[in-house]
Amino acid sequence: MPDNPYRPGYHFTPAQGWMNDPNGLVWHEGEYHLFFQHNPEGTDWGNMSWGHAVSRDLRDWEHLPVAIPVAGTEQAFSGSVVVDHDNSSGLGEPGRPAMVALYTSCDVETGIQSQSLASSLDRGRTWSRYPGNPVLDLGSKEFRDPKVFWYAAAGCWIMVVAMAEDRVIQFYRSDDLLAWRHLSDFGPAGSVDGVWECPDLFELPVAGEPGRTRWVLLISVQTGAPAGGSGTQYFIGDFDGTTFTADPPGVEGALWVDHGADHYAAVSFSGMPDEERIVIGWASNWVYAHDLPTGDFRGSASIPRRYTLALVDGRVRLRQQPVLEKLPAPAYVAGPFAVVEGEHPLPVAGHGTRLRVVAVVEPESSDRIGLHLRVGAQERTVVVYEAGSSELVVDRTRSGDVGFSEAFPAVHRAPIEPADGVVRLEVLVDTTSIEVFAGEGEVVLSDQIFPSADSTGLAVFAEGGAGTVRSIEVTRVGTNQS
């Protein structure tokens, strides 16, 4: 892979060219398949095809040839992949179940978006478009991103697909993945400032509530997210095989997967063992995605995240934990220790450009307490708990090269209350990003940063008083790029 100082170390990136939405995420025969929107010909959006990579641990990825390339006037937009174990489609062979991709065909001449199908009999290495494409066509220019799953209660396939400009999610049913019947619509609801894309729907148990489950509907919104620009909202509710009914979200309005600037098009893996729900998003924002200073590639994926549901202040809410395998022993462990007013650099053992930092901080009398990351002579990214507003804040004002986002807010916030007087922070620092998981994963902020290569320092700080770092643990994370 070409050497590039802005290539992330342990977040997935294309070998070259443009990447946006993850799509077609599926687990099959011991492999995680990551497909993604890809321009193999350049570093801007265009020639939309399905890039492809596989992993056995969600950590180290093997790049494979383009799976579904642009063909004539058809570009291959986002979609999903399922494994048709019972051969309902007739596209499999004895002992060789078909991997079936449902994706959006966009005709570049007419602009019509319809849903099409491709299949593979060799573990996703080669793909054939279905000769009867499209399998679902409304004649619309804003009809895209089908997510398909097996609904065991009714013994059928369900498709969740976006009517983008209408801010409506449609539900369809099929017995064979080929013929689809409309069931119901959901929306507009929640955030409707931007067009809706990349829906996903899945069921999860509620922690601490034996036998209780709720359904989660993910919808990506191109504008109107808390940090500005694009983001992923979610709804908690019920799905009866025909209709999704959302629980009242309360006074807070839309619920957001991530309160940072760079987490979009979050979708989950199909076919996971033990019904785990692992999700990957696009670590960028449509406001400035074309302006990133990354050279021979543009775009990366978020860290894979394990989703669970729990009661938070009496309401069912999403929790997220990063999935990060094969970590070495921590390079630095300390605490408890007091943090008086000012910045307190940690020893060099805690420095680096690719880190996992787990810190438990107690605000005590301080107004602000937190971390300075990727610290250099003139650079630092700030992660801080502000006691006055009960907010977690990420500030990338002095994070390095910020020219890509000059007209975009540099400070991003999310509400959070200390638990037993402390705030737990798990921060993933990579070459060009930070992802902050706070508390038990109920609050997440993700942001791209482009610091100098020699900005490697790490410090704790307090302002307006003193606090305590109950514990801090720093692990150096190796690279998965080769």
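**Exercise 1. Decide whether Tyr 32 is buried or exposed, and find its ring partner.**

Step 1. Tyr 32 has a relative accessible area of 12%, so it is buried. The cut-offs are under 20% relative accessible area for buried, over 50% for exposed and partly exposed in between, with a 1.4 Å probe and protein chains only.

Step 2. This is a predicted model, where local features need pLDDT of at least 70, side-chain atom pairs count only at pLDDT 80 or more, and totals for chains, interfaces and linings use all residues. Residues are numbered from 1 along each chain as its sequence is written, and side-chain values use heavy atoms, with hydrogens and water left out.

Step 3. Now look for the partner. Rings of Phe, Tyr and Trp (its six-membered ring) pair if their centres lie within 6.5 Å; planes under 30 degrees apart are stacked, over 60 edge-to-face and the rest tilted. That rule gives 26 aromatic pairs. In one of them, the ring centres of Tyr 32 and Phe 269 are 5.5 Å apart with planes at 80°, so this pair is edge-to-face.

**Exercise 2. Work out how the rings of Tyr 288 and Phe 404 meet, and which cluster they join.**

Step 1. The ring centres of Tyr 288 and Phe 404 lie 4.9 Å apart and the planes are at 85°, so the pair is edge-to-face.

Step 2. Tyr 288 sits in the loop between β19 and β20 (297-298), while Phe 404 sits in the loop between β29 (391-395) and β30 (411-415), 116 residues apart.

Step 3. Tyr 288 counts as buried at 1% relative accessibility, and Phe 404 counts as buried at 8%.

Step 4. Tyr 288 and Phe 404 form one aromatic cluster with Tyr 6, Phe 408 and Phe 450.

**Exercise 3. Describe the largest cavity and the largest pocket.**

Step 1. Start with the terms. On a 1 Å grid over the protein atoms alone, a cavity is a set of points where a 1.4 Å probe fits but cannot get out; a pocket is an open set with protein on both sides within 12 Å along at least five of seven lines, and lining residues have an atom within 4 Å of a point. Points are joined across faces, edges and corners, and a volume is the space filled by probe spheres set on them.

Step 2. There are four cavities of 30 Å³ or more. The largest cavity has a volume of about 80 Å³. Its lining has 14 residues, with Gly 79, Asp 145, Cys 198, Pro 199 and Val 267 nearest the centre. β1 gives the most to this lining, with five residues.

Step 3. The largest pocket has a volume of about 870 Å³. Its lining has 33 residues, and those nearest its centre are Phe 149, Trp 150, Gly 271, Glu 275 and Arg 277. β13 gives the most to the lining of the largest pocket, with six residues.

How values were computed. Helices (H or I, at least four residues) and strands (E, at least two) are DSSP runs, numbered from the N terminus.
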